[in-house]
Amino acid sequence: MNNEGFTALLSSETRDLPFQLHVRKGGQWVLEASKQLLSEGSVADVVLASISAGRQQHLVDFSEHICDISKDWRNLDLVK
């Protein structure tokens, strides 16, 4: 995550994504440019719409799930 890039995305200065996809290969994290889940434009739209709707307030991490197993650390319902 690039914090300056994220701020630029939020302020509509750029449509570039402030994060990159990395995968674990051979015990190391490597950049995996060939694997994209969505096009950059649609990812940026989803991120901005989610933040505008305040969904980040409902983001659950794994440690929260350990304390309360009713919280879904996978966040499947967070972005629809």
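**View 1. Valine 47 and its partners from elsewhere in the chain.** Setting aside anything within four places in sequence, valine 47 is in contact with Phe6, Leu9 and Phe19; contact here means heavy atoms within 4.5 Å. This is a predicted model, where local features need pLDDT of at least 70, side-chain atom pairs count only at pLDDT 80 or more, and totals for chains, interfaces and linings use all residues. Residues are numbered from 1 along each chain as its sequence is written, and side-chain values use heavy atoms, with hydrogens and water left out.

**View 2. The largest nonpolar core.** Five residues make up the largest nonpolar core: Leu9, Val43, Ala44, Val47 and Leu48. A nonpolar core is a set of buried Ala, Val, Leu, Ile, Met, Phe, Trp, Tyr and Cys residues joined through side-chain atoms within 4.5 Å. Helix H2 (residues 40-52) gives the most to this core, with four residues. Helices (H or I, at least four residues) and strands (E, at least two) are DSSP runs, numbered from the N terminus.

View 3. Leucine 48 lies in helix H2 and is buried, with a relative accessible area of 18%. For the record, buried means under 20% relative accessible area, exposed over 50%, and partly exposed in between (1.4 Å probe, protein chains only). Neighbours within four places in sequence aside, leucine 48 touches Leu9, Leu10 and Arg15. Then there is serine 11: 37 residues separate it from leucine 48 in sequence, and the C-alpha to C-alpha distance is 9.9 Å.

**View 4. The two sides of helix H1.** In H1 (residues 3-10), Gly5, Ala8 and Leu9 are buried. These three sit on the same side of H1 because they cover an arc of only 100° around the axis, the arc being that of the directions from the helix axis to the C-beta atoms. Over on the other side of H1, Asn3, Glu4 and Thr7 are exposed.

**View 5. Serine 12, with a positive phi after H1.** H1 is followed by serine 12, which is found in the loop between H1 and strand E1 (22-25). Most residues other than glycine have a negative phi. Serine 12 counts as exposed, at 63% relative accessibility.

**View 6. Asparagine 75, another positive phi.** Asparagine 75 is not a glycine either, yet has a positive phi of about 55°. Look for asparagine 75 in the segment after H3. With a relative accessible area of 19%, asparagine 75 is buried.

**View 7. Phenylalanine 62 against tryptophan 73.** A search of the whole structure turns up one aromatic pair. That pair is phenylalanine 62 with tryptophan 73, edge-to-face, at 5.3 Å centre to centre and 85° between the planes. Phenylalanine 62 lies in helix H3 and tryptophan 73 in the segment after H3, so the pair ties together parts that are 11 residues apart in sequence. The pairing test takes rings of Phe, Tyr and Trp (its six-membered ring) with centres within 6.5 Å; planes under 30 degrees apart count as stacked, over 60 as edge-to-face and the rest as tilted. Phenylalanine 62 is partly exposed at 44% relative accessibility, and tryptophan 73 is partly exposed too, at 40%.

**View 8. Histidine 65 in helix H3.** Histidine 65 has its place in H3 (residues 62-67) and counts as buried, at 17% relative accessibility. Not counting residues up to four places away in sequence, histidine 65 touches Val60, Lys71 and Trp73.

**View 9. The salt bridge between aspartate 72 and arginine 74.** The side chains of aspartate 72 and arginine 74 meet in a salt bridge, at 3.0 Å from N to O. To qualify, a side-chain nitrogen of Lys or Arg must be within 4 Å of a carboxyl oxygen of Asp or Glu. Searching the whole structure finds one salt bridge. Aspartate 72 counts as partly exposed, with 27% relative accessibility.

**View 10. The setting for the close-ups.** The protein has three helices and two strands, running α-β-β-α-α from the N terminus on. Buried residues make up 20% of its 80 residues. Of the contacts with a separation of 6 or more, 32% are between residues 24 or more positions apart.
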